[in-house]
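Dear colleague,

Please find below the structure I promised to hand over, together with its sequence. A short account of what was found follows it.

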Amino acid sequence: MKVVEAEFVISAVGPQQYPEDALPEIALAGRSNVGKSSLINRMIQRKNLARTSSQPGKTQTLNFYRINQCLYFVDLPGYGYAKVSKSLRREWGRFIERYLLERERLKLLILIVDLRHPPTRDDQMMYEWLKYHRVPVCVVATKADKIPRGKWQKHLKIVKETLQFHPADPLVLFSSETGQGRDELWKVIRGAAGLPAGEETAHSSEF
């Protein structure tokens, strides 16, 4: 997919702040520092639209990015960061759960895991929760560039076994460094959002 327009719209903590232009939404979840912002930037081929940070737990809101005037990426707070207080984690959990269960415009949750390591217990619980509540999910195993190509399948097998992965769900091998998996993930997103192949309508073509 050719991205010709991408913009940050709002940081929200409740429904009263969500965008109201009825575009489909694709949410991204994963543990702190797994690379959600880097994935967003690679998908839209921008370096700094989604701000990356070496400080885990920095994203504390739902961050909405409008892409090509046809969909939103919604970056969720990272989970599993021990230094965040229990009360704040509960607060995050409430508004994230409310968004995932009640937002009709949510079409897909992209669950990002680190290919180098078995999925964490938090990753497992998130996947189980999504399956229980029938939230459409695509698992993205990122940081593929950190592992020799010959070991990719071995690591993907560990991801599947640890998550008790459902074969009907998409699973994309990805690298924010090289762009590996970008086209495949856009294909999954277009299908979930109901966009025609090659959708790139926007009011600008400056990229």
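Please note that this is a predicted model. Within it, strand β3, made up of residues 62-67, pairs with strand β4, residues 71-75. The two run in the antiparallel sense and are joined over five bridges. In this pairing, Tyr65 stands opposite Phe73 of β4.

Two helices pack on the sheet to which these strands belong. Helix α1, residues 36-44, touches β1, β2 (25-30), β3, β4, β5 (106-114) and β6 (137-142). The direction of α1 makes about 160° with that of β4. Helix α3, residues 121-132, packs on the sheet through contacts with β2, β5 and β6, and its direction makes about 160° with that of β5.

As for the sheet as a whole, it is open and is formed by seven strands with mixed pairing. Their order is β1-β3-β4-β2-β5-β6-β7. At the edges lie β1 (6-12) and β7 (171-173), each of which pairs on one side only. From one strand to the next, the twist averages 25°.

One residue outside the sheet may also be of interest to you. Lys146 is located in the loop that connects β6 to α4 (152-163). Lys146 counts as exposed because its relative accessible area is 51%, and the cut-off for that class is over 50%. The C-alpha atom of Lys146 is separated by 8.6 Å from that of Leu115, although the two residues are 31 residues apart along the chain.

With kind regards

Technical notes. Residues are numbered from 1 along each chain as its sequence is written. This is a predicted model: local features need pLDDT of at least 70, side-chain atom pairs count only at pLDDT 80 or more; totals for chains, interfaces and linings use all residues. Side-chain values use heavy atoms; hydrogens and water are left out. Two strands pair if DSSP finds at least two bridges between them. Helices (H or I, at least four residues) and strands (E, at least two) are DSSP runs, numbered from the N terminus. Axes are lines fitted to C-alpha atoms, for helices over the stretch in contact, and angles run from 0 to 180 degrees between N-to-C directions. Contact means heavy atoms within 4.5 Å. Buried means under 20% relative accessible area, exposed over 50%, partly exposed in between (1.4 Å probe, protein chains only).
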